[in-house]
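Here is a friendly walk through one protein chain. Keep the sequence and the 3D view open side by side as you read.

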Amino acid sequence: MSYTVENLEKSMAKITITVSAEDFEAAMVKAYNKNKKSISIQGFRRGKAPRKMIEKMYGPEIFYEDAANFAIPDAYEEVAKECELEIVSRPEIDVVDIESGKEFVFTATVAVRPEVTLGDYKGLEVDKKEVKVMAADVNAELERVREQNSRMVTIEDRGIQQDDTAVIDFEGFVDGEPFQGGKGDDYSLVIGSHSFIDNFEDQLVGKNTGDEVEVNVTFPEDYHQESLQGKPALFKVRIKAIKVKELPDLDDEFASEVSEFETLKDYKASVKKNLTERRKEEAKKEKEAAVVEKAVENVTIEIPEPMIDEHVRQMVQDFAGRIQQQGMNFEQYMQMTGMTPDTLMAQMRPEAEKRIKTRLTLEEIVKAENIKATEKDIEDEIENIASMYGMEVDKLKDAMGDDEREQVAEDMAVQKAVEFLAENAVEVETAEEEAAEE
């Protein structure tokens with residue numbers, strides 16, 4: 001096998017690959033074995049006709065497509081590893097010459113890593129973020145924890161009020177007929193959440209446990225179920241229970257139950273400390289994001305379209321995986337949202353291009369500044385990955401090959417480049433901060 005490389009415009013390359021006659025003959029044999037059972041020739045049992053006989057009757061072309069499909073992947077993979085190109089897309093394959101008993105020639109057109117010309121990336125100006133935690137911030141966090149530790153209490157001595165949770169059975173009718181998806185039992189509806197259409201929730205206010213209520217609403221014109229758009233509906237509702245959220249008192253007992261501290265005073269001090277640390281980390285991330293964005297703005301780069309296509313495909317796969325983890329089939333999600341794979345890919349394309357440009361910029365800074373990940377960096381990151389996926393570190397190491405470990409090293413070097421940019425950035429006070437100081 002041999003190959004030649006032709007560099008094209010816009011970071012594209014065409015690889016012409018020649019497969020030896022012997023290797024292509026082996027692919028023809030595989031194609032014959034795959035297809036012989038489906039070819040009938042008079043005088044032979046199905047699957048027993050000799051290859052020469054089949055080729056004499058139908059021509060050797062009958063096996064060419066499958067033979068090419070057998071020959072191309074191995075040949076391309078070998079060349080992709082051997083050549084010095086940094087290939088960043090799937091190959092576009094074209095057959096040039098195919099004939100039984102001769103060399104098989106095909107081309108693979110690929111996108112390669114584009115050239116990156118860095119602009120200014122050191123001493124970039126970013127807004128200074130001052131970290132402040134006020135008493136109101138601490139109180140808001142305490143209220144959030146109270147909400148988390150609240151309990152639902154059943155109320156029987158009054159009617160439904162705003163913010164109550166009504167437990168209801170309901171069935172909806174349009175034109176006197178029940179409709180699909182319009183029935184529910186033991187449904188917990190928060191009054192004022194506007195999770196039901198129109199003024200459904202308002203019509204339950206004042207009603208008592210045990211009441212049976214007829215609720216009249218109109219579906220919105222843009223309702224997701226087309227058959228119901230703009231139509232009036234009657235819901236028959238039975239109120240089974242009224243519940244209110246009861247928050248714990250903000251006292252020492254509360255502090256001891258939700259934290260390691262015995263007093264509310266100590267717990268508040270801890271909350272303030274944690275909020276401060278969290279906001280410092282958020283400010284650090286904001287600074288890093290801002291300086292990276294500026295460095296990317298200063299770079300000169302032309303990203304090949306197939307590279308973006310490949311990244312979009314990966315983003316769609318990752319998105320489909322997350323949808324599936326949430327218990328929903330990806331095809332069902334697409335139907336519910338009215339989207340198509342093409343529209344989803346079009347929506348993701350700008351983000352894909354931004355991610356690629358950012359990564360290439362940071363990789364170029366890694367090279368320019370000779371930034372490397374230490375063995376400790378790599379080991380620490382592997383421990384983080386193991387912790388994230390609930391795996392033992394040693395088992396994860398055993399499962400990782402050289403390529404995976406090299407990818408971890410590259411990712412850590414890129415992160416170090418982000419930190420390098422932030423460390424070399426110049427923080428400037430905003431007009432608001434200057435006014436506040438005055």
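## The chain as a whole

Please bear in mind that this is a predicted model. The chain holds 13 helices and eleven strands. Its C-alpha trace spans about 95 × 70 × 45 Å along the principal axes. The radius of gyration of the chain is 33 Å, whereas a compact globule of 438 residues would have one near 22 Å.

Of the 438 residues in the chain, 35% are buried. The accessible surface comes to about 27,500 Å², and carbon and sulfur atoms make up 46% of that. If you look at contacts with a separation of 6 or more, 66% of them join residues 24 or more positions apart.

## Helix H6 and its two partners

Two packed helices are described by the angle between their axes and the distance between the axes.

Start with helix H4, residues 135–148. The axes of H4 and H6 come within 10 Å and cross at roughly 105°. Angles of 65 to 115 degrees count as roughly perpendicular, and H4 and H6 are therefore roughly perpendicular to each other. On the H4 side, the contact is made by Asp137, Val138, Glu141, Leu142 and Val145. They meet Tyr267, Lys268, Val271, Lys272, Leu275, Arg278 and Arg279 in H6. By type, the residues of this contact between H4 and H6 are six nonpolar, no polar and six charged.

The contact of H6 with H9 divides into four nonpolar residues, two polar and one charged.

Ala27 sits in helix H1, which covers residues 21–35. With a relative accessibility of 4%, Ala27 counts as buried. Leaving aside residues up to four places away in sequence, Ala27 touches Ala67, Phe70 and Ala71. Between the C-alpha atoms of Ala27 and Leu360 there are 39 Å, and 333 residues separate the two along the chain.

Glu246 belongs to strand S10, residues 232–246. Its relative accessible area is 36%, so Glu246 is partly exposed. What does Glu246 touch, not counting residues up to four places away in sequence? Its contacts are Ser150, Arg151 and Val153. For Arg151, the C-alpha separation from Glu246 is 5.4 Å, although the two are 95 residues apart along the chain.

## Two aspartates with positive phi

Asp163 has a phi near 75°, a positive value in a residue other than glycine. You will find Asp163 in the loop between strand S6 (151–155) and strand S7 (165–174). Is Asp163 buried or exposed? At 62% relative accessibility, Asp163 counts as exposed.

Asp186 is not a glycine either, yet its phi is positive, at about 55°. Asp186 lies in strand S8, residues 177–190. The relative accessible area of Asp186 is 48%, which means that Asp186 is partly exposed.

How values were computed. Residues numbered from 1 in each chain as written. Predicted model: local features only at pLDDT ≥ 70, side-chain atom pairs only at ≥ 80, totals over all residues. Heavy atoms only, no water. Nonpolar A, V, L, I, M, F, W, Y, C, P; charged D, E, K, R; others polar. Helix = DSSP H or I, 4+ residues; strand = E, 2+ residues; numbered from the N terminus. Rg over C-alpha atoms; globule rule 2.2 N^0.38 Å. Buried < 20%, exposed > 50% of the residue type's maximum accessible area, 1.4 Å probe, protein only. Contact = heavy atoms within 4.5 Å. Areas by Shrake-Rupley, 256 points an atom, 1.4 Å probe, with all protein chains shown as cover. Axes fitted to C-alpha atoms, helices over the stretch in contact; angles between N-to-C directions. Parallel < 35°, antiparallel > 145°, perpendicular 65-115°, else oblique.
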